[in-house]
Each structure stands twice: as C-alpha cells, then as structure tokens.
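Subject: Structure for you to look at

Hello,

Here is the structure I promised. Please open it and keep it beside this email while you read.

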Amino acid sequence: MTPEMSDVTRARHGRPVHHWRRDLVELAALFTAVAVADVTANLVGHGPDGPALLGLSAVALVATSGFHTWWTRRHGHAPPTSDTGARPLAEEQQAGPAEDDAAAGATALWRMRTTVKDEPGTLAALCTTLARMRIDILSLQTHPLADGTVDEFLVRAPAALDSGAITRAVAHSGGSETWIERADAHDLVDAPTRVLGLATRTALDAAELPLALRQLLGRCTIRSLPAVSPCSGRPEGDAPVEGALEDTVMRLRAPEGGVITVERPYLPFTPTEFARARALVELDARLGPRIPRGQDVLTLPKGTAITVRRADTSDLDAAKEMHERCSARTLGMRYHGPVGDADRYLTHLLSPRFGRTLAVQTPSGRVVGLGHLLWDGDETEVALLVEDEWQRRGIGGELLGRLVAMAVEAGCESVYAVTQASNTGMVAAMRGLGLPLDYQIEEGTLVITARLHTAPAPAAPPHGHAYERQGARD
C-alpha cells in the first residue's frame with residue numbers, strides 16, 4: 001500500500017491525516033517571521049529610519065499571516081474531495097439498512113386500508129407513526145362506517161420496510177383490520193380522475209361495465225345473471241332496485257333486469273364503494289345499449305372483401321338467419337347441445353352486458369361469422385361460429401386474433417374455448433395464436449386455455465393468411 005493510499009484509508013475511518021509538506025511550509029513561515037522581527041528590531045533601535053522600517057515590518061507580518069491562512073485552508077485536515085465516502089465510524093454504526101436504502105432512493109408503493117375509531121386525533125396519531133417510519137402519504141380516502149372509519153392510503157415507503165412492519169406499526173397506533181398490498185404507478189391517479197375515466201369508458205361501450213367495476217373495486221369476481229335463463233326460460237336472477245350490500249358481496253340491479261354480483265372475499269366493501277358502483281350501473285342503464293360503430297374492411301386470400309365490426313342485439317335477426325344456413329354439425333360443435341336450442345342463446349350472447357361480439361359481414365350485408373368474448377367471473381371465454389360456406393378461409397383465425405387482442409386490452413390473464421376434439425378448425429385457430437396452451441378433455445369436450453400474461457397477443461392474423469386492409473371508418 002502506497003503512503004497516499006494509506007492516508008486516504010485512514011481518513012475514511014475518521015483518523016487525522018498528516019502531510020509533511022504542509023508541516024514544512026508552516027515551520028519555514030515561523031522561522032521567517034522570527035528572522036524578520038529580529039532584523040526589524042535591530043534597525044529600529046540603531047538606524048535613523050526606524051518608524052518607516054517598523055511600518056514595513058508590519059506589512060510583511062500581515063502578508064505572511066495571510067499566506068499562512070490561505071495555505072492552511074487549502075491543505076487542512078479534511079479528507080480529499082474525491083473521497084466522497086468519508087464518514088466517521090460512529091455515524092456508520094448508527095445508520096441502519098432502512099436509512100441506507102432511503103439515502104439510495106429505494107422506495108416502494110403500497111395500498112393500505114385500516115379501520116380506526118371515529119374520534120378526534122386517531123388519524124393524526126396514525127399519520128405521525130407513518131411519518132416516523134419515513135413513510136410518505138401520497139393520497140388518503142376516508143370511508144365512514146357506523147362505528148368507525150376506514151382510511152385508505154396510498155403511501156411511498158422505504159424499500160427495506162415490508163408489509164408486516166407497516167401493519168404492526170399501524171396496529172400500535174390504533175388501526176385494526178389492516179389490509180395492505182403492493183401498488184404500482186397506475187394507482188397514483190387520484191380517485192375522482194379514475195372514476196371519471198371509468199365513467200367515460202362505460203359511456204362509450206356498454207361491454208365495459210364489468211371491467212370498469214373491477215377497476216373501481218380492485219381484485220374481485222363479477223358475475224352477470226340474466227333475468228330469464230336462456231336455457232330453461234325461467235327467472236334466474238333478480239336484485240332490489242337500490243341493490244344490496246352484504247359484507248364482501250354486493251348485488252346490483254342490472255340495467256336490463258337480472259343481477260350483477262360482485263364478490264371480494266379478502267376485503268369487505270364499504271358503503272362508499274357500494275354507492276360508487278351503484279352510480280356507475282345507473283349511468284349505464286340511463287345511456288342504454290351502445291357499442292362502438294367502427295368497422296374494418298378486409299380482403300380474403302381469394303379476393304373476397306369482408307367487413308369486421310362490433311355486433312349487438314340489433315343483429316339478432318341476421319344471426320338467426322345465419323343459423324338457418326349452418327349445418328347441424330356446425331351448430332352442434334358450437335353450442336354443444338340440441339340444434340333447436342341454438343337461437344335461445346343469441347340474445348344473451350349478443351348483449352354487450354355479458355361480453356363483446358364481433359360480426360363478419362359480406363358486401364351484401366349478410367352475416368357469415370360471429371366471434372364472442374364472454375365475461376365469466378374471473379375467466380374469459382372465446383367462441384366462434386362461421387357459416388359452412390365460408391369456413392377454411394381464415395375468418396375464424398381473424399376473429400380469434402381480434403378477440404384475444406380485446407382480452408389483453410381488458411387485462412385478462414387467459415381465455416378459454418370449449419369445443420370438441422373433432423373441431424380441428426377451432427384447435428388450429430387456437431394454436432395459431434402462438435400463445436402457451438393448456439388442454440383438458442372431459443367426456444368428449446375439449447377445453448383449450450391460452451395464457452395471455454406470458455406472451456403478447458398476435459400482431460398478425462393466424463394461420464399465415466395474407467389479409468389486405470382496404471380501409472377503416474368510424
């Protein structure tokens with residue numbers, strides 16, 4: 001180790017560093033001052049110009065003192081400026097991991113809920129505890145209850161703090177029934193802005209209502225039951241006009257009758273959340289059925305032009321006519337039951353309340369294909385029906401690719417298709433997605449599940465068909 005490296009090492013551990021050059025200059029300055037003082041005293045005592053020499057000696061002493069001060073400040077006992085890691089040992093011992101992470105800027109976002117007593121000072125005590133832990137409160141919402149208040153926080157905490165440490169600190173400050181989970185940058189949007197955005201999405205597309213409710217309420221399971229069962233024709237679901245709230249379950253009156261059930265077992269709903277959800281459903285009911293009216297005109301490999309667009313219950317008659325042109329085998333593979341019951345499902349399938357439907361239309365206006373993306377609680381189902389005459393032209397693959405893209409946009413983790421092992425067209429279309437697939441066979445029924453979170457949705461139509469986009473209009 002060189003002397004210079006040794007000096008730097010000692011400076012990092014808090015011991016002084018001595019430089020021989022600085023000491024030599026200070027010693028020379030001292031001897032110079034003594035010699036000048038002696039000569040001046042002799043000249044003043046024995047010469048005629050004593051006062052003038054005395055003045056000159058004073059100026060010389062002041063100049064020497066100034067030089068010494070400048071030299072000392074430039075070469076003092078502080079560590080070199082390049083040694084930015086210099087810090088006394090005692091201070092390093094007192095600094096813990098949380099302070100080191102905070103100094104490095106490492107933080108994490110958390111969403112937290114806790115119940116406190118409805119008394120003055122309870123919220124202040126909780127905020128004081130969080131401040132002592134260097135936790136920054138980014139947003140706060142209060143949900144009044146009959147016997148307390150639920151406070152919902154979005155906080156930024158040092159990365160070294162885990163959820164258990166934060167929960168224990170909150171409990172010591174009077175919080176109870178605390179729930180906490182990691183948040184992300186999307187949660188930084190304030191609640192009014194988020195609610196207005198969800199209302200806008202719902203206003204543009206009735207199929208967005210279940211997705212908007214899920215984003216409004218967090219991780220939850222949403223199921224829609226029609227007022228009348230499409231299979232038996234008997235009443236199936238109903239709810240009070242004002243809805244019902246039961247701890248972790250809320251039931252809302254669907255706009256067309258029926259009931260929307262929302263479950264969140266890990267966290268009870270508050271009356272405030274129930275009121276927000278009910279207002280969103282009421283908005284949807286007032287606006288009535290609606291879907292975006294955009295459409296794409298595509299050219300099939302054989303030169304035939306088709307139009308792909310969103311469909312709803314206004315296409316019911318055209319869909320029934322397509323059923324009449326389909327063979328019994330095609331309808332049987334699609335609906336897995338008696339062919340005569342196929343028309344019963346169409347009203348349910350075409351309703352935007354239960355999902356999204358795409359229709360393929362010829363230039364003459366005839367519907368020759370339907371693709372459905374259906375909300376099924378936490379899961380999402382895809383289903384295809386293509387008229388016999390138009391099969392094996394790539395229409396099924398085009399519909400499936402668009403439906404999967406919609407599912408990815410909606411934040412779905414997977415989609416599944418229920419078909420038969422003999423339905424080679426549907427199997428090939430699912431394989432053409434290029435996504436990881438899971439297969440399950442039960443009593444001749446094949447369920448194919450595509451995992452969407454492991455790979456992006458396909459950017460090109462499946463099966464390698466070279467479609468030509470002629471245009472799009474809204």
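First, a term you will need: a helix axis is a line fitted to C-alpha atoms, over the stretch in contact, and the angle between two axes is taken between their N-to-C directions. Two packed helices are described by that angle and by the distance between the axes. Keep in mind that this is a predicted model.

Start with the whole chain. It has 474 residues, and 39% of them are buried. The protein chain holds 15 helices and 17 strands. Take the contacts with a separation of 6 or more: 63% of them join residues 24 or more positions apart.

Now find helix α8 (residues 191-204) and helix α10 (residues 271-287). Their axes come within 9 Å and cross at roughly 30°. Angles under 35 degrees count as roughly parallel, so α8 and α10 are roughly parallel to each other. Their crossing is right-handed. On the α8 side, Leu198, Ala199, Thr202 and Ala203 make the contact. On the α10 side, Leu280, Leu283, Asp284 and Leu287 do. By class, that contact has 6 nonpolar, 1 polar and 1 charged residues.

Next, look at helix α9 (residues 209-217). Why is α9 described as largely enclosed by the rest of the structure? Because 7 of its 9 residues are buried. They are Leu209, Pro210, Leu211, Ala212, Leu213, Leu216 and Leu217. Just after α9 comes Gly218, with a positive phi of about 85°.

Best wishes

Conventions. Residues numbered from 1 in each chain as written. Predicted model: local features only at pLDDT ≥ 70, side-chain atom pairs only at ≥ 80, totals over all residues. Heavy atoms only, no water. Axes fitted to C-alpha atoms, helices over the stretch in contact; angles between N-to-C directions. Helix = DSSP H or I, 4+ residues; strand = E, 2+ residues; numbered from the N terminus. Parallel < 35°, antiparallel > 145°, perpendicular 65-115°, else oblique. Left-handed = near helix turned anticlockwise from the far one by under 90°. Contact = heavy atoms within 4.5 Å. Nonpolar A, V, L, I, M, F, W, Y, C, P; charged D, E, K, R; others polar. Buried < 20%, exposed > 50% of the residue type's maximum accessible area, 1.4 Å probe, protein only.
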